[in-house]
Amino acid sequence: MSPISYRTGNDVPLDQVIELYHASTLGKRRPVDSREIMADMLRHANLVITAWDGDLLVGIARSV
């Protein structure tokens, strides 16, 4: 396991975001079946912070 790194910005691969939401309990409360809505959630967020284990997205925080 590599050290966790953190990044800011809305430029996050949508497939990885959806996969992360599916893998967590947040997927039950988010429109993960609609790529368009999920993309809009990222695009319109004022702040997105992601956690990465190498190339694997392991966490996300989004605020509006």
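Two salt bridges turn up in this predicted model, where a salt bridge is a side-chain nitrogen of Lys or Arg within 4 Å of a carboxyl oxygen of Asp or Glu. In one of them, R35 pairs with D15, and the closest N and O atoms are 2.5 Å apart. This pair links distant parts of the chain, with R35 in helix 2 (residues 35-43) and D15 in helix 1 (residues 14-23), 20 residues apart. Helices here are DSSP runs of H or I with at least four residues, strands are runs of E with at least two, and both are numbered from the N terminus. The other bridge joins the side chains of R43 and D40 at 2.2 Å, N to O. Because R43 and D40 are three residues apart in helix 2, about one helical turn separates them.

A word on conventions: this is a predicted model, so local features need pLDDT of at least 70 and side-chain atom pairs count only at pLDDT 80 or more, while totals for chains, interfaces and linings use all residues. Residues are numbered from 1 along each chain as its sequence is written, and side-chain values use heavy atoms, with hydrogens and water left out.

**How accessible are the residues?**

The table below gathers some relative accessibilities. Buried means under 20% relative accessible area, exposed means over 50%, and partly exposed lies in between (1.4 Å probe, protein chains only).

| Residue | Relative accessible area | Class |
|---|---|---|
| R35 | 45% | partly exposed |
| R43 | 53% | exposed |
| D40 | 27% | partly exposed |
| E36 | 62% | exposed |
| R30 | 28% | partly exposed |
| M41 | 14% | buried |
| L47 | 40% | partly exposed |
| T50 | 3% | buried |

**The fold as a whole**

Stepping back, the protein has two helices and three strands. Read from the N terminus, the elements run β-α-α-β-β. A compact globule of 64 residues would have a radius of gyration near 11 Å, and the protein agrees with its own 11 Å. That radius is taken over C-alpha atoms, and the globule rule is 2.2 Å times the number of residues to the power 0.38. The C-alpha trace spans about 30 × 25 × 15 Å along its principal axes.

Of the 64 residues, 31% count as buried. The accessible surface comes to about 4,400 Å², and carbon and sulfur atoms hold 53% of it; these areas come from the Shrake-Rupley method with a 1.4 Å probe, and for residues only the protein chains shown count as cover. Among contacts with a separation of 6 or more, 53% join residues 24 or more positions apart, a contact being heavy atoms within 4.5 Å.

**Around helix 2**

Leaving out residues up to four places away in sequence, M41 touches Y21, R30, P31 and R62. M41 and N10 are 31 residues apart in sequence and 9.5 Å apart in space, C-alpha to C-alpha.

R30, one of the residues touched by M41, sits in the loop between helix 1 and helix 2. Apart from neighbours within four places in sequence, R30 is in contact with Y21, M38 and M41.

T50 lies in strand 2 and is buried, with a relative accessible area of 3%. Beyond residues up to four places away in sequence, T50 touches S5, Y6, R7, V12, L57, G59 and I60. Its side chain also makes a polar contact with the side chain of W52 at 2.7 Å. A polar contact is a pair of N or O atoms within 3.5 Å; within protein, one must be able to donate a hydrogen and the other to accept it, and residues adjacent in sequence count only if both atoms are side-chain atoms.

Strand 1 (4-8), strand 2 (47-53) and strand 3 (56-63) each supply at least two of its residues.
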